[in-house]
Amino acid sequence: MVKDKEQHPIKEKKLLVSLIWNFSTELKLISMALLVIFTLATLLPFIPSSFSLSASDFRFCISRFSSAVPVNTTTTTEVLPEKKTATELERVLDNGVIKRTFTGYGSASYNFVSMSAYRGGVNTFAVIGLSSNPLPVYGPPSYRCEWVPLAPTQDPVSTPGFKLLTDWGYGRIYTTVVVNCTFPSTTAVGGNLILHATTGDPSLNLTDSIPVLTEPPNSVDLTLYTSPKKKYDYLYCGSSLYGNLSPQRVREWITYHVRFFGERSHFVLHDAGGIHDEVFEVLKPWIEKGSVTVHDIREQERFDGYYHNQFMVVNDCLHRYRFAAKWMFFFDVDEFIYVPEKETISSVMESLEEYSQFTIEQMPMSSKICYSGDGPARTYRNWGFEKMAYRDVKKVPRRDRKYAVQPSNVFATGVHMSQNLQGKTYHKAESKIRYFHYHGSISQRREPCRHLFNDSRVVFENNPYVLDTTIRNVGLAVKTFEMRTIGNRLLRTRQ
């Protein structure tokens, strides 16, 4: 009897071991699941609330494993650095010199950032984008252009790309590059333009094949590039607009210049964050009338270039509208173009037709002091250019100029003038045309007049000024033009 009692616990232990052994797999899975749950519960309080996974994140992950399509994707010949042992990283030569080696990993910036590409003739194209600044400044990157016709009976053709650096060395992490692709013969309408961009490093030989333009069949009239008839007489290409711009100053600027340039003009503005809702409401009537086009370029902020990549932006505008206008103007939204009273913009431009480009002299106006000759109440109601009437007359070696070009003769451009054109440039047009610059006034979201004067000559902050009513004198005509053209929609515009 005692022996049976001693054997009973042994049988129970054997039964328990047998059960654990039979269900070992399930128990392992349960243990692992509990471990994962407890781990997540422990880490959850430390995960930021802003953490999320979007559909674009999953698409990005999936795209990393998708196969490359030659025309529709960018392919890169990637050469990974060879792993080196500690002895290979440095070794002592026979002459006692310690030989050191260096190995690069990852990438600090993109080889090429494509913004746009445009056909510029029967056999030529322009590609506008950004390049990692050290490449063109310190290295020899090269570009090759390939035209792949959509017609299966036609063979692809290639040509070397000629790069134009337009930002005068002002580039930051990225610099603007315009690549000219001129093929030896006419390229049939309908095809894909592929830019093959190399870094110029012979040890790596990295080449990115970038599809920059897809041209549908019969989408281009080739007579456009030789026809003297243009859609516009004058087209304004604006630089990147950023910051907290004043709706009232923008209202004054656009109304003045739509009147100044006339019906056969057009204004292209580039929104880098400056065209907020209130500014857009000011532009909306002119957009509806077909006088203004706005391009949203805010995504370029990802790529650190000079002043919101304005060199790239103006070059895109040049090539996009190159054959749409006879003359193209480049100046800022705190600057007002003026011609003498006895002249018109048409007569002035006719007198300069022999030139491909002319520069415009600056008249610097104060945006801190105002003319109070109309009395306090009326001064407050006046438009900015009516009361900011004092011109800086301090003598300086030079002031910045702005310019206009006949765009069909220009291959690339800058902010203050073009250095890549065919034809002559004229620098002495100050008797024919000038611009008045109200520096900083566009970014003031308040009444600009903080210091009022009623004198013809003023010294303010040790700087001499004279009363100049040139732009002020056309104030009434400009406001009347606005009322007749778009009505009273903008009467309640705020500073």
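What follows is a short chat about a predicted model of one protein chain.

Colleague: What should I know about the model before we start?
Modeller: It is predicted: local features need pLDDT of at least 70, side-chain atom pairs count only at pLDDT 80 or more, and totals for chains, interfaces and linings use all residues. Residues are numbered from 1 along each chain as its sequence is written, and side-chain values use heavy atoms, with hydrogens and water left out.

Colleague: How many helices and strands are there?
Modeller: The protein chain has 12 helices and 26 strands. Those are DSSP runs numbered from the N terminus: helices are H or I with at least four residues, strands are E with at least two.

Colleague: And what share of the residues is buried?
Modeller: Buried residues are 42% of the 495 in the chain. Buried means under 20% relative accessible area, exposed over 50%, and partly exposed in between, using a 1.4 Å probe and protein chains only.

Colleague: New topic. Is Lys-402 buried or exposed?
Modeller: Lys-402 is buried, at 3% relative accessible area. It lies in strand 19, residues 402-405.

Colleague: Which side chain does Lys-402 make a polar contact with?
Modeller: Asp-332, at 3.0 Å between the side chains. A polar contact is a pair of N or O atoms within 3.5 Å; within protein, one must be able to donate a hydrogen and the other to accept it, and residues adjacent in sequence count only if both atoms are side-chain atoms.

Colleague: What else does Lys-402 touch?
Modeller: Leaving out residues up to four places away in sequence, its neighbours include Glu-335, Phe-358, His-416 and Tyr-435. Contact means heavy atoms within 4.5 Å.

Colleague: How many aromatic pairs are there?
Modeller: The structure holds 34. Rings of Phe, Tyr and Trp (its six-membered ring) pair if their centres lie within 6.5 Å; planes under 30 degrees apart are stacked, over 60 edge-to-face, the rest tilted. Phe-336 and Tyr-438 are edge-to-face, 5.5 Å centre to centre with 80 degrees between the planes. Phe-336 is in strand 15 and Tyr-438 in strand 23, so the pair ties together parts 102 residues apart in sequence. Both Phe-336 and Tyr-438 are buried.

Colleague: How are Tyr-355 and Tyr-426 arranged?
Modeller: They are stacked, 4.7 Å centre to centre and 20 degrees between the planes. Tyr-355 counts as buried at 16% relative accessibility, while Tyr-426 is partly exposed at 21%.
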